[in-house]
Amino acid sequence: MGKSMRHVAKLMAVSAFAALMSTTAAFAQTPKDTIVMAKQIDDIITLDPAEAFEFSGVEVGANVYDKLINVDITKNNELIPDLAESWSVGSDGLTYTFKLRKGVKFHSGNPLTAADVVYSFQRAVTLNKSPGFILRQFGFVAENVLDKVKAVDENTVQITVSKPYAPTFFYNCLTSGVAAIVDSKLVKANEKDGDWGNGWLKLNSAGSGAYKVRSYRPNEQYTLDANENWYKGAPKSKRIVVRHVAEPASQRLLVEKGDVDIARNLSKDQLEAVKKNDAIKIVQGDKGYILYLGLNQKNPNLAKPEVREALKLLVDYGSIEKNILEGTYKGHEAFLPQGFLGAISDKPYALNVAKAKELLAKAGLANGFTVTMDTRSVAPITDIAQAIQATWAQAGVKLEIIPGDGKQTLTKYRARTHDIYIGQWGPDYLDPHTNAETFAINEDNGEDAKSKTLAWRNAWDIPDMTKVTQSAVLESDANKRKTTYEALQREHQKVSPFVIMFQQVEVSAERKNVNGWAIGPTSDTNRYATIVKN
């Protein structure tokens, strides 16, 4: 999510856990109507849906806000009505009409109207925070958004896009967090100095969804209360409490003791241990998160095609999956995750030190070279980096690992001052363009470019591939789009400065008396309303 995973200083994590443990007795055997989760939530920067772009913050928004359209993860991510009960696109391919569901009320009691939809789009486009590009790519800017997004009447909204995009592409973008519909009256009442209520919404909510924010304490916990008047019916549990527990071992202890109902970040070893506990069961779902290395093309050695290919051949994918990631990630070497239109399962790379040495010699680096990797100091990222360091050394590539928290490493990456970055990328919406855009488009390789995709972050100048990728979203024939993405990924695998290694399998351990927790392919599809404790 785009999605960066930020980490606080270790002392803060330790003190937060100490505080948690000090109240364990009070929370042992959690209340029947409350679901308590242990999760790493230090990546949250804000709860404002127009700004949240980190995994945990987006997940909160998915349970607090409704959108015009949503997806059904039980039916292959099929588009389904949400606040819009029906929609259509005109013959020009530019004009979309949405008929709103009647009788919907926000948590405040204010009724939903077309004016709230218009305001929500205007607000997200004007603020233009990290996820703002998802809407702005359709030609919306602060100056024209009110001309492009209009209330035809109290229950009808008309949206005009700049090009005849594939309709499913536009619809899928409307399922992302930035397209959440906010209570315009409540947000306006909490505006300060023209900030569109952004300061207030960092810690509060103004939605109509299954839950409302009761409280949020950064790096500690958030608590959500059920919206008994939700248009889909009251959620199964009255309250959701999500506590920041940084260490997987601590999460395991809490779920085994019954102090939490669900543990969200268990490692391979922790999962193996809890599988032997009769009081606990495992829930998992394929996540669209890709784990990869980004090789900065500003580094003259990394800019050599032979070096890029050599480094792809110096990763022991199978060993890392088996010994570090088993049960939490699976091997995957293309930028589209399994489950997306056009995804491929080709795995052209495996550990081949001899071939890598030949390529390095061809590049004039027979004796290898030294390079750095910015690495977030959390499991399993550090372990993977160390495994890569060991196999690269076999070909004379000396990898220096630079540790840091999520914010430090990401800030450096976004500034293009890294050599190599190891990290995750999660889809922003369930359409192939979400990942194709970031991995295979770079419109302007200049330092002040407006669009700063992952290709841009790694200074990969690709005008021809950019054109191919951009044209794919204008293709209305799904089969033709699929074929384009398949060919694009195969070319990308050969030439790109990305070493794509794994796709996440999100796994939770939950008490046997908990049911209804379903893990979706994105943070937007991790939903709490069906979770119930027997």
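Does Gln 137 count as buried or exposed, and at what relative accessibility? This is a predicted model, and here Gln 137 comes out at 19% relative accessibility, so it counts as buried, the cut-off being under 20%.

**View 1. Gln 137 and its surroundings.** Skip the neighbours within four places in sequence, and Gln 137 still touches Ser 162, Tyr 165, Phe 169 and Cys 173, plus Tyr 429, His 433 and Glu 437. Take Ser 162 from that list: 25 residues separate Gln 137 and Ser 162 in sequence, while their C-alpha atoms are 8.7 Å apart in space.

View 2. Read across, the strands go 4-5-7-6, and the pairing is antiparallel. Strand 4 (84–89) and strand 6 (149–153) are the edge strands; each has a single partner strand, so one side of each has no neighbour in the sheet. On average, neighbouring strands here are turned by 20° against each other, ignoring direction.

**View 3. Strand 6 meets strand 7.** Strands of a sheet pair through backbone hydrogen bonds, in either a parallel or an antiparallel way. Here, strand 6 and strand 7 (residues 156–160) run antiparallel and are joined by four bridges.

View 4. Helix 4 (residues 114–127) lies across strand 5 (95–100), strand 6 and strand 7. Against strand 6, helix 4 runs at about 175°.

Technical notes
Residues numbered from 1 in each chain as written. Predicted model: local features only at pLDDT ≥ 70, side-chain atom pairs only at ≥ 80, totals over all residues. Heavy atoms only, no water. Buried < 20%, exposed > 50% of the residue type's maximum accessible area, 1.4 Å probe, protein only. Contact = heavy atoms within 4.5 Å. Pairing = 2+ DSSP bridges. Helix = DSSP H or I, 4+ residues; strand = E, 2+ residues; numbered from the N terminus. Axes fitted to C-alpha atoms, helices over the stretch in contact; angles between N-to-C directions.
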